[in-house]
Amino acid sequence: MNQVDYLRISLIDRCNFRCQYCMPEGVELDYILKQQLLTDEELLTLVREVFIPVGFTRFRLTGGEPLLRPRVAELVSAIASLSQTQDLSMTTNGFLLASMAQSLYNAGLRRINISLDSLDPDVFDQIIGNRGRSRWQDVWNGIQAAYNVGFNPLKLNVVVIPGVNDHEVLDLAALTIDKQWHVRFIEFMPIGNARLFGDRGWVPSAELRQSIRARWGLTEAQVYGSGPADVFQIPGAKGTLGFISQMSECFCDRCNRMRLSADGWLRPCLLNETGQIDLKTALRAGVSTAELREQVKQLLTIKPEVNFKQRDSGTAGAYTRTMSQIGG
Ligand code: SAM
Ligand code: SF4
């Protein structure tokens with residue numbers, strides 16, 4: 001088992017998008033009440049006095065949409081300035097990024113992942129569930145702003161859905177040729193919208209690589225913080241292509257992460273909640289951080305190795321929580 005040193009921290013479960021594959025319109029979610037969210041102080045106490053002492057040194061801020069969290073730059077600054085923090089990153093939908101990129105960078109954030117499922121504004125708006133003014137340009141401006149202030153590596157996350165955006169794979173891959181952008185294709189998982197998953201299915205990364213290889217060729221490559229992604233490059237390109245293949249491959253034995261939800265539940269695995277701990281309730285009940293460290297250490301020893309494919313077979317929709325609720 002890998003050393004588990006990477007914590008994905010959900011700052012909020014709400015979102016300003018309603019992506020079809022994540023939290024589609026019409027599906028009622030039980031949002032976390034404001035008083036149930038970890039406060040900034042509680043979150044920082046957990047990071048400083050529980051997670052860092054048990055060996056976590058790498059943190060990703062996510063959600064829901066993390067840029068909706070009030071005072072997010074202050075939180076970034078507080079975590080980035082801890083001497084034990086070796087790596088701090090964020091995953092965002094980019095909608096609010098154009099105006100926030102500089103302050104996040106100034107606060108100490110250096111790398112960022114932005115979701116961009118389509119280059120076609122109509123397809124994009126259809127995916128994010130938007131019926132008003134198109135939001136594609138805002139996200140594109142956010143990506144440019146992040147690039148211009150110096151985020152590096154800057155990664156673009158694409159969830160590939162058959163019949164929705166799979167025809168754009170080559171165009172999205174081509175973004176890496178002239179710019180040092182790192183495009184990551186993510187296999188669609190049966191989390192969130194089980195119905196869409198059942199109707200559309202998913203595209204194996206190997207198929208995507210085959211079509212990209214046929215067009216330009218493909219060599220193995222590396223990029224900082226690639227985690228479970230297999231990384232390749234179009235020969236001569238400035239950026240790279242990552243493939244996250246959690247449906248076609250099981251990389252549970254390489255998993256080095258846990259997830260903290262916005263209401264303080266620590267989960268050992270995206271798919272398996274065995275042993276999860278309610279750190280917020282414990283903290284509010286006056287349980288000491290020394291005791292919480294022991295509980296987290298115990299959870300680390302039982303972090304299960306779950307075979308994703310077995311869990312999925314024939315049971316699309318088995319996962320009742322969305323990525324936005326768990327902290328994707
Ligand atoms: N709102 C931010 C965003 O969209 O980047 C951060 C949270 S979102 C839950 C994190 C990542 O999870 C996004 O890249 C999103 O595309 C991905 N995601 C959500 N639901 C998914 C699903 N069913 N299958 C694969 N990826 C999914
Ligand atoms: Fe929001 Fe991200 Fe989920 Fe889309 S994938 S609905 S942007 S949390």
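This is a predicted model: local features need pLDDT of at least 70, side-chain atom pairs count only at pLDDT 80 or more; totals for chains, interfaces and linings use all residues.
1. Helix α2, which covers residues 72-80, and helix α3, which covers residues 97-107, have axes that come within 8 Å of each other and cross at roughly 25°. Because angles under 35 degrees count as roughly parallel, α2 is described as roughly parallel to α3. The crossing in which α2 passes α3 is right-handed.

2. On the α2 side, this contact is made by Val-72, Ala-73, Val-76, Ser-77 and Ala-80, and on the α3 side by Met-100, Ser-103, Leu-104 and Ala-107. Taken by class, the residues of the contact between α2 and α3 comprise seven nonpolar and two polar ones, with no charged residue among them.

3. Turning to ligand 2, the residues around it are Cys-15, Phe-17, Cys-19, Tyr-21, Cys-22, Met-23, Gly-64, Asn-93 and Ser-324. The shell around ligand 2 divides into six nonpolar and three polar residues, and no charged residue belongs to it.

4. Phe-95 sits in the loop that runs between β3 (87-92) and α3. Is Phe-95 buried or exposed? Its relative accessibility is 19%, and because buried means under 20%, Phe-95 counts as buried.

5. Once neighbours within four places in sequence are left aside, the residues in contact with Phe-95 are Asn-16, Phe-17, Arg-135, Asp-138 and Val-139. Phe-17, listed here as a contact of Phe-95, is also one of the residues around ligand 2. Although Phe-95 and Trp-140 are 45 residues apart along the chain, their C-alpha atoms are separated by 8.4 Å.

Terms used: Residues are numbered from 1 along each chain as its sequence is written. Chains are lettered from A and ligands numbered from 1 in the order in which they are written. Side-chain values use heavy atoms; hydrogens and water are left out. Axes are lines fitted to C-alpha atoms, for helices over the stretch in contact, and angles run from 0 to 180 degrees between N-to-C directions. Helices (H or I, at least four residues) and strands (E, at least two) are DSSP runs, numbered from the N terminus. Angles under 35 degrees count as roughly parallel, over 145 as roughly antiparallel, 65 to 115 as roughly perpendicular and the rest as oblique. A crossing is left-handed if the near helix is turned anticlockwise from the far one by less than a right angle, and right-handed if clockwise. Contact means heavy atoms within 4.5 Å. Ala, Val, Leu, Ile, Met, Phe, Trp, Tyr, Cys and Pro count as nonpolar, Asp, Glu, Lys and Arg as charged, and the others, Gly among them, as polar. A residue is near a molecule or strand if one of its heavy atoms lies within 4 Å of it. Buried means under 20% relative accessible area, exposed over 50%, partly exposed in between (1.4 Å probe, protein chains only).
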